[in-house]
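Subject: Structure handover

Hello,

Here is the structure we discussed. Please look it over; my notes follow below.

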Amino acid sequence: MRTPLIAGNWKMHKTVADTVKYVKELRLLVRDVTGVDIVIAPPFTALHAAAEASRNSHIGIAAQDLHWEREGAFTGEISAPMIVEAGAAYVIIGHSERRTLFGETDPSVNRKLAAAFGAGLTPIVCIGETLDQRERGDTFGVLDRQITQGLDGITSEQVVQLVIAYEPVWAIGTGRNATAAQAEDAHGHIRKRLQNWFGADGAERCRVIYGGSVKPENIGELAGQPDVDGALVGGASLDVKGFVEIVSRSRGAAV
Ligand code: PGA
């Protein structure tokens with residue numbers, strides 16, 4: 001039985017002060033919520049403050065990216081041990097904005113994934129097709145490529161810890177979410193591939209969450225699909241009350 005996970009990806013939003021205020025409110029609002037893992041991903045500058053403000057709560061903290069080396073001459077980069085020290089337990093890898101705007105590739109996703117596992121972080125690896133790829137009928141081909149290259153070398157034990165976020169690029173920040181049927185179709189495909197490559201147990205336990213224009217109004221239907229294990233929420237996670245609504249409407253949540 002997979003515990004659903006709802007993660008808020010703040011992208012380049014919120015200062016340290018905004019973060020502390022948000023987390024204080026969030027921890028009160030989700031105090032009695034069980035049956036769902038709740039994660040927020042603030043910018044690097046606010047990670048430590050978020051971790052401190054969420055101490056002794058069941059809110060998990062995620063970084064939005066990492067570098068694969070532990071340390072070195074990599075101006076502007078942040079390593080997995082630094083993220084762990086700041087108090088995060090999760091890290092997002094391969095978000096489509098990193099792929100399209102900052103040159104992230106499947107091989108770099110793969111190196112980052114190894115670094116995340118090496119430091120004991122739970123990776124949230126993002127995959128998904130563009131509109132053009134979908135219209136060409138290449139959705140599954142793209143997902144297969146991103147999974148084979150991105151997850152290359154990881155073990156069946158590791159896949160159990162892994163979170164995959166299926167985020168169709170055309171649904172991110174557009175207000176146009178995938179329908180529940182489209183999401184289930186892709187998630188079912190991803191799980192089948194995981195089964196081929198990592199065996200039934202790993203595939204059954206790996207969480208595959210959906211991302212792309214998730215809102216309080218559509219989370220119920222999306223998360224109600226058998227292979228959709230929660231959501232990665234961008235814009236709608238910035239407002240704490242809206243985020244809590246998404247958390248409490250997700251499958252498995254008990255308030
Ligand atoms: P969105 O972003 O919810 O604003 O569409 C999702 C994401 O980028 O993870």
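Setting aside neighbours within four places in sequence, His187 is in contact (heavy atoms within 4.5 Å) with Tyr166, Val208, Ile209, Tyr210, Asp227 and Val228. This is a predicted model, in which local features need pLDDT of at least 70 and side-chain atom pairs count only at pLDDT 80 or more, while totals for chains, interfaces and linings use all residues. Residues are numbered from 1 along each chain as its sequence is written, and side-chain values use heavy atoms, with hydrogens and water left out.

His187 sits in helix 9, residues 180-205 (helices are DSSP runs of H or I, at least four residues, numbered from the N terminus). With a relative accessible area of 0%, His187 is buried (under 20%, 1.4 Å probe, protein chains only). A polar atom of the His187 side chain is 3.3 Å from the backbone oxygen of Val208.

Now the ligand. It is surrounded by 13 residues (a heavy atom within 4 Å), the closest being Lys11, His95, Glu167, Gly173 and Ser213. By class, this shell has four nonpolar, seven polar and two charged residues (Asp, Glu, Lys and Arg count as charged; Ala, Val, Leu, Ile, Met, Phe, Trp, Tyr, Cys and Pro as nonpolar; the others, Gly among them, as polar).

A ligand oxygen lies 2.6 Å from a polar side-chain atom of His95. For Lys11, a side-chain N or O atom is 2.7 Å from an oxygen of the ligand. Ser213 has a polar backbone atom 2.8 Å from a ligand oxygen. Of the 280 Å² of accessible area that the ligand has on its own, the protein covers 95% (Shrake-Rupley method, 1.4 Å probe).

Regards

How values were computed: A polar contact is a pair of N or O atoms within 3.5 Å; within protein, one must be able to donate a hydrogen and the other to accept it, and residues adjacent in sequence count only if both atoms are side-chain atoms. Helices (H or I, at least four residues) and strands (E, at least two) are DSSP runs, numbered from the N terminus. Buried means under 20% relative accessible area, exposed over 50%, partly exposed in between (1.4 Å probe, protein chains only).
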